[in-house]
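Here's a quick tour of how this model packs together. Have the sequence and the structure open as you read.

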Amino acid sequence: MNQEEKIRTPHQLNPTTWVDQYADYLYNYAISRVNDEELAKDLVQETFFAGLNSAKNFKGTASERTWLVAILKRKVIDHYRKSNSKKGKAEIRMSYNNEGEGSWLEEQIADPLSKSENDGIENEELGMAIHECISKLPSKQAKVFTMKTIHGMSTEDICNELSINPSNLWVLVFRARSSLMGCLNENWFAV
Amino acid sequence: MITCEESKTICSKNQYKEASWSERFNMYLHVLMCKTCFKFSRKNTKLTGLCNEASLQALTDTEKSELKKKLDQNS
């Protein structure tokens, strides 16, 4: 299929592959916004349900993933709306301690050079990029890599669960890592 | 002497601190002579750093199959 045909072919929804392909990606997206694992899980689940229910409205102009992320975005906003309406109104909390010098207003302004803030944004993008690359891996490699790197499972446990031997496992990990390097290359390996 | 494939596999293993002493020795010896594997090894370490930085999260397999079950029931 050449590039032009690719653009013309509308995207198709294939809900049976959603969990395997997008669950982790969406979960990371949610967790970086709500900062609560249980809640993030619920939001991902709700997103899938909403996706199923409104599948007929899918026009195919955007990719499946973009479409699901758009739904999740709404879910996150709805969550914050709900939690704010319980209090009656939106509130902004500011903590202020008198110890710093200068006017307090000046101290509240975001520091564009702040390492922690910028890192936060960058790390989130990095996380999404890695998950995007993981979802492109062959399923067995993706599984092994996730179990080893993200869940930090022991080699023995993984081997038992997938009934493979350790040398198989390490070859899978090696292949996964090389593909990931290639996939992340342009944007993240700039040295 | 080990092959490039082996050296790269050991290098990946070493990212999880699970390569044995002799494996590491063989790998370093190989990396000294092989430029490709040297580059691979540097990138691999960088990848480990990136993964740590991103503080990746993922659903476990059981959670995923539960999710799948729920979706099946719903559709």
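## Around A:Leu26

Skipping neighbours within four places in sequence, A:Leu26 is in contact with A:Val44, A:Thr47, A:Leu68, A:Val69 and A:Leu72; contact here takes C-beta atoms, placed from the backbone, within 7 Å. Keep in mind that this is a predicted model, where local features need pLDDT of at least 70, side-chain atom pairs count only at pLDDT 80 or more, and totals for chains, interfaces and linings use all residues. Residues are numbered from 1 along each chain as its sequence is written, with chains lettered from A and ligands numbered from 1 in the order written.

## The cores

A:Leu26 also belongs to the largest nonpolar core, which has 40 residues; A:Leu26, A:Tyr27, A:Ala30, A:Val44 and A:Ala176 touch the most other members. (A nonpolar core is a set of buried Ala, Val, Leu, Ile, Met, Phe, Trp, Tyr and Cys residues joined through C-beta atoms within 7 Å; buried means 20 or more other C-beta atoms within 10 Å of a residue's own.) H2(A) gives the most, 10 residues. Domain 1 (1-90) and domain 2 (136-191) of chain A both contribute, so this core lies between them; the bounds come from an automatic or database domain assignment.

There's a second, separate core of six residues, including B:Ile10, B:Cys11, B:Val31 and B:Phe40.

## Where chain B meets chain A

In H1(B), B:Ser7 is buried, and so are B:Lys8, B:Thr9, B:Ile10, B:Cys11, B:Ser12 and B:Lys13. These buried residues pack against H9 of chain A, plus helix H2 (21-33) and H3 of chain B. Helices are DSSP runs (H or I, at least four residues), numbered from the N terminus.

Overall, 28 residues of chain B are in contact with 31 of chain A.

Definitions and conventions. Two residues are in contact if their C-beta atoms, placed from the backbone, lie within 7 Å. A residue is buried if 20 or more other C-beta atoms lie within 10 Å of its own, exposed if 12 or fewer, and partly exposed in between; C-beta atoms are placed from the backbone. Helices (H or I, at least four residues) and strands (E, at least two) are DSSP runs, numbered from the N terminus.
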